[in-house]
Amino acid sequence: MSWSLDVAPFFSWPVLALVAAPAVILAALLLLSGTRGAALRVVAIAALLLALINPVVLREERDPLKSVVALVVDGSQSQSIGERKAQAAAAEAQLKESLARFPQFEVRTVETTPTVSPDSDATTALFGALSTALKDVSPARVGGAIFVTDGEVHDIPADAQSLGFDAPVHALVTGRPDEFDRRIEITSAPRFGLVDQDQQLSYRVLEDGKGTGAPVDVRVFLNGDLVTRQRAEIGGTGTVTFQLPRAGKNILELSVAQDPKEITVVNNRAIAVVDGIRENLRVLLVSGEPHAGERTWRNLLKSDAAVDLVHFTILRPPEKQDGTPIDELSLIAFPTRELFVEKIDDFDLIIFDRYQRRGVLPTLYFDYMAQYVEKGGAILIASGPEYAGNDSVATTPLASILPAMPTGQVEETPFRPEISELGRKHPVTRDLPGSETEPPQWSQWFRSIDVGTPRGETVMTGPDGKPLLVLNRAGEGRVALLLSDQGWLWSRGFEGGGPHVALFRRLAHWLMKEPELEEEALDAEARGSDLVITRQTVGDDPGPATVITPSGSAVQLPLKQTVPGRWEGVLKTEELGLFQAANGDLRALANVGPVNPREFREAVSTTEKLRPVAEASRGSVRRLAGAEGDITVPRIVPVNGRADADGRDWIGLKTTDETVLRGVDRTPLFAGFLGLALLLLALSATWWREGR
């Protein structure tokens, strides 16, 4: 309870000034004139003015407020190392029990979790959590903060003034003082690189604590495959030279040998994500028999900025002799030896569009082409009636890699190309525009080539369900066989046309081994804090995927079919780092959160990082456990003002003088009988004096 004096005038202050001015002048004249009874008259005038001013006595009822104490418990991944989590839990329980004995403290407990953000690697943000916990508390009410952490905090303010309050900050550090850890860091790595071109990466191996300092082994993995081993000096810089095997995301992983005394092996690995970029794909297009759709492939490939096209059209075979000068028939001689012997390996894809043997290419060259495919090349046969004839390329050494052999029959009946059951799962033909209806919304074709039982995958069918588009692998390479020359009808818009651009472009890129068109593939992708596993297959249910988390635990993740041939599973994660997914013989890697997060760059617990801000706020930093592992939690002591808050076995928390107003009683001094009595007494005294 507190008392105070206030005024509640009956009139505004300007009006009161007009009334008070003559009264003050009158009182002054009475006193200066020396008139008897002047003092009593001045008192009466003053009483009248006070009555108009209306002085009020206030009696306030107030309740004291509690000091707010923040107990911030570090829940980051590094707290899972060794006995840190158990130490933190024991300390938290004892602190809550101690603080409960002091009714003047209001305790707010905050248990932090790892912050997953692609834009920031500050994964242990304890001061951010502290600010959130105290955002509705006035600075004068803050009694202090107690951090239970391993000391590896990533958002420590530059000075104590940045805290926003004047109260002690204490840190109780988990872990042991004799910890040792070895880690590897990538110091420089390219973000992009050309496929099959040399790239370089630099790294260094560091040791925190007492280590041997001897050279250690470093293994280098590219997309999960071991590519090299190196011997690295502690603290020195090593260099790795590598080549990206594919376009798109590539993950380079460096792993340093483990020491038995290490507190964790999570930071024994470091990764770099490098996006592979292909140089323009080189395609050789050889057009044979002139036909209505001769320029379909040329126009399509020329429109693709990622393709460098070399196109030759054979206008006249060598056996045709009509007397026309050679220089009037062609702009350039067909460099057969240069293309099919000397530089054949420079091409990513060779397309034969209605080509037949007419003596232009020697038989030996077809053998070179078969070897080219076996070693990783790609060939597409876009066939017409010539494929069923005696001069078909099927009668050359290419027969060893072709997915289907002709029967000699040519179907000349209208039909609508259909996607096979397998083709509905295959990425080349899955979800082609127009395929969602039955029959498909695209035009008919009028010719197809009969073949025997194919050896590859039939993804499209023609009349009576016969093979129309067959894909196959030969050695390390790929072959596609299109058994009709009617694709140009789609490009010309006949009967509404069809998805020739989507189909032919996918087909060409599948032949050139684009990763997104693999029919058997496993992919892992981070979406925020979720890990999304995608399995592409033309088979049946692939079963669950096995996910290895950064901490080393294995999780079985069920996969659900989203569209035919595509299965997906989502894993909610609470860890940061490199995840490994496996399904059958397939393996995929994905990184959740920032690459090489700070959380594990320095895993050894420390008291030094928090010491400056703690000492500046009159707090303390101390370890919970000694060398023997025993836990010691300091006592809690309330302190006032800016008193020292650090003792040998205790920590202080500030109490507040803040109160909350519960009610106010107002008593006017000149109201009611008391005011009337004072006024009557003053006036009566003047009359009495005049009567004498």
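Student: Which residue does Asp 485 form a salt bridge with?
Tutor: Asp 485 pairs with Arg 447, and the closest N and O atoms of this salt bridge are 2.8 Å apart; the term stands for a side-chain nitrogen of Lys or Arg within 4 Å of a carboxyl oxygen of Asp or Glu. The pair links distant parts of the chain, 38 residues apart, with Asp 485 in the loop between strand S24 (477–482) and helix H8 (488–491) and Arg 447 in the loop between strand S20 (418–419) and strand S21 (448–451). Helices (H or I, at least four residues) and strands (E, at least two) are DSSP runs, numbered from the N terminus.

Student: What kind of model is this?
Tutor: This is a predicted model, in which local features need pLDDT of at least 70 and side-chain atom pairs count only at pLDDT 80 or more, while totals for chains, interfaces and linings use all residues. Residues are numbered from 1 along each chain as its sequence is written, and side-chain values use heavy atoms, with hydrogens and water left out.

Student: Are Asp 485 and Arg 447 buried or exposed?
Tutor: Both Asp 485 and Arg 447 are buried, where buried means under 20% relative accessible area, exposed over 50% and partly exposed in between (1.4 Å probe, protein chains only).

Student: Which residue does Lys 572 bridge to?
Tutor: Lys 572 forms a salt bridge with Asp 530, and the closest N and O atoms there are 3.1 Å apart. This pair also links distant parts of the chain, since Lys 572 is in strand S30 (residues 566–572) and Asp 530 in strand S26 (residues 530–536), 42 residues apart. Lys 572 counts as exposed at 65% relative accessibility, whereas Asp 530 counts as buried at 17%.

Student: How many salt bridges does a search of the whole structure find?
Tutor: The search finds 36 salt bridges.

Student: Switching topic, where is Ser 443?
Tutor: Ser 443 sits in the loop between S20 and S21, and at 0% relative accessibility Ser 443 counts as buried. A polar atom of the Ser 443 side chain lies 3.2 Å from the backbone oxygen of Phe 494.

Student: What does Ser 443 touch, not counting residues up to four places away in sequence?
Tutor: With that exclusion, Ser 443 touches Arg 416, Pro 417, Leu 489, Trp 490, Phe 494, Glu 495 and Gly 497, where contact means heavy atoms within 4.5 Å.

Student: How many residues does helix H9 have?
Tutor: Helix H9 (residues 500–511) has 12 residues, and its reach of 16 Å from first C-alpha to last is close to the 16 Å expected at 1.5 Å a residue; the expected span is 1.5 Å times one less than the number of residues. The buried residues in H9 are His 500, Leu 503, Phe 504, Leu 507, Ala 508, His 509, Trp 510 and Leu 511.

Student: What is the phi of Lys 513?
Tutor: Lys 513, which follows H9, has a positive phi, near 65 degrees.

Student: Last one: where does Glu 185 sit?
Tutor: Glu 185 is in strand S7 (residues 181–188), and with a relative accessible area of 18% Glu 185 is buried. Not counting residues up to four places away in sequence, Glu 185 touches Ser 202, Tyr 203, Arg 204, Leu 206 and Arg 601.

Terms used. A polar contact is a pair of N or O atoms within 3.5 Å; within protein, one must be able to donate a hydrogen and the other to accept it, and residues adjacent in sequence count only if both atoms are side-chain atoms.
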